[in-house]
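Please open the model in your viewer and keep the selection panel at hand.

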Amino acid sequence: AGHLLPSVNVAAYGPDGLVYGSADTATDGTYTISSLPVQSYRVRFKASSLSITTYSTPEYIRWYDAKPDQDSANLVAVTAAATTGGINMVIPLGSLAGTVTDKGGIPLSGIRVLLHTTSADQLAYTLTDSIGQYSFQNLLPDNYKVLIEPGNAYLNQWYSNKYTFADAAAVTVVDKGQATANFVVSPSAGKIGGTVKNPAGA
C-alpha cells in the first residue's frame, strides 16, 4: 500500500512551459490544483527528504506518469467544472540504520548520530536508544555520509572508521531498502591545553 506522503509539491505546467498552478499534498497524501484554465498540462511532482520527514536535500523530481522530464511527461487534460483525478505518483523511499558500541561490544545509548549528503550538507540528527541503535526513516534513494559525536570520552567518527568527511565512506540508500552503518567507538587519544595571555600579563 505504501505510506501517504504530505508536503510533496505538485505543479501543473501548460503548453507554454509555464506553471499555471501548484499545491502541496496534505497529510493523507492527496492534493488538488485549483483554478486551472481548460487545456492540457504536464504535472510535476517534487519531493525532498525535508518534505517527507525532518530532512532537507536531495530532491526527487518526476513527471506524470513516472517520467524523468517535462518533455516526456504524459499530458493531462483539464475540462470545465471538473476535477481530473487519478494523477498519482509513487515516490521511492528507503532507510538507514545502525548501532554504536564500544570496543567490547557494549551498546552506547544517547550518542548523537548525524546524517549528511555527500556534498557535506547536514540533513538531520538522532540519538542512539538504550541498546545503541539508531535509524533514519523515509530517505530518498541516494548516497549519504554518517557521523557520530560520542562526547569527551570518545573520538568523533565518520563511517566507516574515518575521522574526516573527505575520507568517510558513503552509504547507499535504495528504494524499499535499509542501509546499515555500524560504529565501534575509539577512546579519546589525548588532549592539547595551555594558557593564552597578553604580553603584559602576570
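**The pocket and its lining**

The model is predicted, so local features need pLDDT of at least 70 and side-chain atom pairs count only at pLDDT 80 or more, while totals for chains, interfaces and linings use all residues. Residues are numbered from 1 along each chain as its sequence is written, and side-chain values use heavy atoms, with hydrogens and water left out.

Next, select Tyr31, Phe45, Ile87, Asn88 and Met89, which lie nearest the centre of the largest pocket among its 41 lining residues. The elements that give two or more residues to this lining are strand 1 (9–13), strand 3 (40–48) and strand 6 (94–101); strands here are DSSP runs (E, at least two residues), and helices are runs of H or I with at least four, numbered from the N terminus.

**The whole chain**

Now show the entire protein chain as a cartoon, where 1 helix and 14 strands make up the secondary structure. Finally, colour the chain by burial: of its 202 residues, 37% count as buried, meaning under 20% relative accessible area with a 1.4 Å probe and protein chains only. Among contacts (heavy atoms within 4.5 Å) between residues at least 6 apart in sequence, 59% join residues at least 24 apart.

Conventions
On a 1 Å grid over the protein atoms alone, a cavity is a set of points where a 1.4 Å probe fits but cannot get out, and a pocket is an open set with protein on both sides within 12 Å along at least five of seven lines; lining residues have an atom within 4 Å of a point. Buried means under 20% relative accessible area, exposed over 50%, partly exposed in between (1.4 Å probe, protein chains only).
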